[in-house]
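Hi everyone, thanks for making time.

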Amino acid sequence: MGQKELKVAFLLALRSLQRGSRSSVILTVLIIGMCFTNMIFLPSMFSGIGQSITKQLVDYEVSNILVSPKSGDQYITDIDATLDLINGMPGVQRASPHYSKGATFKYRQRILGVSVRAISPMDEKEVSPVYTKMVAGSYLGEGDTGEIIIGKPIAGDATVRQEDEFQASLGGVRVGDSITVEYGNGYTKDYRVKGIYSTGWSPVDNAAFVTWTDMELVEGKTLDKADYITVRAKPGYTEQFIKNELLAYGVGVNGQVQTMTDLLSKSVGKVLQSFAIINAVSLVVSVIITTVVLFIVITIKTLNSRKQIGILKAIGVDKEVIMHNYGFQVIILGILGIILGIIITLLLAAYMSVHPIVTPEWSAYLYITPMDLLTNSVILFCAAVIAGYVPAYQVSREEIQSAMRA
Amino acid sequence: MIEITDLRKIYRMGTVEVKALDGLTLNIEKGEFLGIMGPSGSGKSTLLHMLGLLDLPTSGKIVIDGMDISRFTDYEKTMFRLYKLGYVFQDYALVPDLTVMENVSLPAMLRKDRTEEQTIKDSFGILQKIGLCDRREHLPRELSGGQQQRVSLARAMVNKPDILFADEPCANLDTENSRVVLDLFREINESMHQTIVMVSHEDWHKDYFHRIIRMRDGKIISDGINGASKNT
């Protein structure tokens with residue numbers, strides 16, 4: 001098969017697509033484009049959910065490294081020394097201690113059970129982006145006492161009647177309002193609501209934050225213990241490096257050190273594995289659909305052209321040229337379909353980045369990498385070529401007489 | 001140029017055997033304009049297909065230019081058709097998606113001994129000869145039947161074949177267009193000393209042939225120079 005033969009095969013393919021049935025070309029390209037979109041949409045959405053969950057876990061729960069109490073212990077003790085040690089480590093941006101206490105919130109006639117988290121606002125700002133998610137008022141200051149910030153679901157909406165609420169709330173608390181907080185240990189205090197935030201991460205949005213100083217007043221003593229410490233890594237440092245450093249400097253004596261990856265593999269790892277299985281099934285189904293559709297399209301095309309194929313063979317056109325003619329048609333249709341699929345997918349991704357599917361646990365957008373686009377393009381292209389070449393090969397080998405009689 | 005010896009073609013339809021060619025022996029000389037005539041089912045198209053390497057005989061031998069074509073591989077047959085033979089079919093058989101120029105150039109484009117410039121020059125030249133140069137960018141569906149058949153003739157002639165086969169080329173044309181096409185065949189035969197083998201069932205076409213063979217039931221019943229044919 002020389003260059004001349006390939007050139008003639010390409011010319012025949014191009015002219016057939018240019019001057020043949022336009023609706024057939026458009027329909028085939030559309031089918032391939034939709035198959036590509038189908039192949040990439042579901043896996044990308046699952047990846048988006050996975051990324052969303054992972055990002056929210058990192059941002060609002062565990063950061064890059066989580067130092068938690070050792071097995072059997074309830075708290076990390078000697079917190080000041082532990083924080084000094086962690087903050088002094090290379091690669092550590094900041095460590096932020098967390099201490100939670102159950103409480104009952106009272107506002108007008110509403111009563112609501114909420115977990116109050118004590119934080120050191122300056123440290124927490126460097127570890128978690130909650131301060132950027134304020135929808136009303138402002139974030140806590142380091143020395144604040146008698147002030148609290150609460151999640152939007154807790155604040156509620158004054159325009160929604162209690163019986164119509166999706167989840168129980170305080171019925172429309174606004175910044176500056178006073179709420180009564182009754183802690184589990186019996187300590188009761190009126191707080192001024194300094195800010196209301198909304199992160200989209202349900203566990204945080206259903207909690208409230210007070211300063212470490214305020215929690216010391218609740219406990220009635222210096223608070224030298226924490227439920228856990230979240231540690232943010234400086235850019236360029238790996239979590240594993242910091243974990244190793246922390247363990248080497250003895251942080252492991254006071255608490256258990258885990259990277260975000262360690263925690264993810266335990267918590268959402270199974271979910272992500274399930275997503276991977278669904279993705280694989282979706283991919284296989286899409287590839288089969290594409291292959292079958294293209295096989296049918298090219299088979300019909302070749303069957304309709306049997307007489308012409310016989311004539312081409314009669315005038316001295318080699319069967320390889322005829323086969324590659326249909327092969328090139330499929331390649332061109334495949335490339336156009338894939339380009340259309342990429343455009344549709346990217347448009348969907350752009351739309352969903354602005355309007356993600358939001359649930360209380362996660363928000364779904366399309367997470368697509370260039371490698372995803374490339375991999376799916378190659379898979380679909382190979383499927384298209386096989387689907388096109390098989391009927392083309394069969395018809396190109398038909399006897400001239402039987403083809404011409406068709 | 002063409003030597004046919006005891007050529008047989010038998011089609012089997014279930015248990016019935018149909019002898020399309022029944023022990024046919026014939027020689028065709030270079031430069032002849034041979035007409036094959038006879039009623040439907042006489043075997044004239046079958047003979048043309050055997051000579052044109054479009055079908056395989058059941059037995060017998062065909063030698064073209066000293067080469068026994070039964071020994072050719074599939075690829076060699078294709079190349080032989082491309083380099084040595086030209087075809088004009090009853091229904092024009094043009095590629096509908098190619099322009100007149102592209103249709104005519106197609107066989108020349110595949111030849112390894114032609115450059116692109118030569119292909120264009122040859123195609124242009126033959127289109128000028130048949131008087132359709134001004135329609136070269138048109139698609140076949142934009143031409144009349146007569147014009148399409150002339151394009152088909154140009155395609156067959158672009159590679160300057162040793163033998164030109166025509167299978168009832170005027171079957172779909174009116175008398176006027178048939179005459180135009182047959183005049184072209186005659187002109188090509190006379191000016192280029194082109195060997196032409198044409199199947200026809202129209203009696204008035206015989207005026208164009210040098211030699212006519214008449215067939216019936218797969219056998220030659222008469223063979224001779226036009227106007228002086230002898231019974232066999």
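Let's start with chain A: the C-alpha centres of its domain 1 and domain 2 lie 52 Å apart. And before I go further, please keep in mind that this is a predicted model. As for where those domains run, the assignment gives 3-57 plus 269-404 for domain 1, and 92-233 for domain 2.

Now, a pair of helices in chain A. Packed helices get described by the angle between their axes and the distance between those axes. So how do α2 and α13 of chain A cross? Helix α2 covers residues 22-62, helix α13 covers residues 319-354, and their axes come within 7 Å and cross at roughly 50°. That angle is why we call α2(A) and α13(A) oblique to each other. The handedness of their crossing is right-handed.

Who's doing the touching there? On the α2(A) side you'll find, among others, A:Ile32, A:Gly33, A:Phe36 and A:Ile40, and they meet a set in α13(A) including A:Leu333, A:Gly337, A:Gly341 and A:Ile344. Sorted by class, that contact has 11 nonpolar residues, 7 polar ones and no charged ones.

Okay, over to where the chains meet. From chain B, 19 residues are in contact with 16 residues of chain A. Two helices of chain B, α2 (74-84) and α3 (100-109), each supply at least two residues of the side that touches chain A.

B:Leu184 sits in helix α6, residues 175-192. Setting aside neighbours within four places in sequence, B:Leu184 is in contact with B:Ile130, B:Arg150 and B:Leu153. Take B:Arg150: it's 34 residues from B:Leu184 in sequence, and 8.1 Å away in space, C-alpha to C-alpha.

Last stop, backbone angles. B:Leu53 isn't a glycine, yet its phi is positive, near 60°. You'll find B:Leu53 in the loop between α1 (44-51) and β4 (59-64) of chain B, and it counts as buried because it has 23 C-beta neighbours inside 10 Å. B:Glu168 has a positive phi too, near 45°. B:Glu168 is in the loop between β7 (163-167) and α6 of chain B, and with 20 C-beta neighbours inside 10 Å it counts as buried.

That's my tour, thanks!

Terms used: Residues are numbered from 1 along each chain as its sequence is written. Chains are lettered from A and ligands numbered from 1 in the order in which they are written. This is a predicted model: local features need pLDDT of at least 70, side-chain atom pairs count only at pLDDT 80 or more; totals for chains, interfaces and linings use all residues. Two residues are in contact if their C-beta atoms, placed from the backbone, lie within 7 Å. Helices (H or I, at least four residues) and strands (E, at least two) are DSSP runs, numbered from the N terminus. Axes are lines fitted to C-alpha atoms, for helices over the stretch in contact, and angles run from 0 to 180 degrees between N-to-C directions. Angles under 35 degrees count as roughly parallel, over 145 as roughly antiparallel, 65 to 115 as roughly perpendicular and the rest as oblique. A crossing is left-handed if the near helix is turned anticlockwise from the far one by less than a right angle, and right-handed if clockwise. Ala, Val, Leu, Ile, Met, Phe, Trp, Tyr, Cys and Pro count as nonpolar, Asp, Glu, Lys and Arg as charged, and the others, Gly among them, as polar. Domain bounds come from an automatic or database domain assignment. A residue is buried if 20 or more other C-beta atoms lie within 10 Å of its own, exposed if 12 or fewer, and partly exposed in between; C-beta atoms are placed from the backbone.
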